[in-house]
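Good morning, everyone. Please take a look at the sequence and the model, and I'll walk you through a few side chains.

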Amino acid sequence: DYLRVRLLKREIMLGDPLLNFDKLLFCKRAQPSYSHLVGQYFGWRQRPGGGLFVLEDPGRSLRARDLVGAQLPPGSFLEPCLSYDGKRIAFSFVACPAQPPDSKTLPVNEQGGEEAYFHLHEINADGTGLKRLMSSPGVDTEAWFAPDGRSILFTSDRGGSPQIYRLNLGSGAVERLTFDGSYNVSARPLPDGKGFVFVRRD
């Protein structure tokens, strides 16, 4: 019965006429070594494995294309975002040792090196042009392209708490956009690109 219900749900979902696409971008990742509400964002607690994939024929085949392959070292991938024109993908990545380090030996955020934190990367939808977008001593996640493709909204705790920032993809300049509240995340641009919505937890 369970399998029949799951297959029915899948058929209903993929039969929705609004899902008018021929490929599906998705992310695989290993479970973090630490079970926590936001454990997926703790780079030093990640396990290597997974990657970015394109499901070539959703609903009909499980055939998937690996976008990154060996272009990055073993690590953890998080939250891929497709640009509005479908040509580029932004995502967060952290390289991981085979065994997570002892968290007691790691410095706190903003006081140590940047190797244990997620950072934003970009790759073309065909798997070419991989590049890291910036460096910072903190966690950079939740990338989302602006409608015009010229900038990316993202969440970072580089200032001590999660806030919304904007990265100009042309100049590389980073601008902090939120200042009120101690926990601002999940920014999404408005369709006209003149503003954005986000989640605040006070």
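First, a term: a polar contact is a pair of N or O atoms within 3.5 Å; within protein, one must be able to donate a hydrogen and the other to accept it, and residues adjacent in sequence count only if both atoms are side-chain atoms. Here is one such case. A polar atom of the Ser-92 side chain lies 2.9 Å from the backbone oxygen of Asp-140.

Two notes on the basis. This is a predicted model, where local features need pLDDT of at least 70, side-chain atom pairs count only at pLDDT 80 or more, and totals for chains, interfaces and linings use all residues. Residues are numbered from 1 along each chain as its sequence is written, and side-chain values use heavy atoms, with hydrogens and water left out.

Back to Ser-92. Ser-92 counts as buried because its relative accessibility is 1% (buried is under 20% relative accessible area, exposed over 50%, partly exposed in between, with a 1.4 Å probe and protein chains only). Beyond four places in sequence, its contacts (heavy atoms within 4.5 Å) include Phe-77, Phe-118 and Thr-141.

Now, salt bridges. The rule is a side-chain nitrogen of Lys or Arg within 4 Å of a carboxyl oxygen of Asp or Glu. How many are there by this rule? Eight.

Take Glu-122 and Lys-131: their closest N and O atoms are 3.7 Å apart. Glu-122 is buried, at 5%. Lys-131 is partly exposed, at 43%.

Next, Arg-166 pairs with Glu-175 at 3.0 Å, N to O. Elsewhere, shared partners link Arg-88, Glu-122 and Lys-131 into one salt-bridge network.
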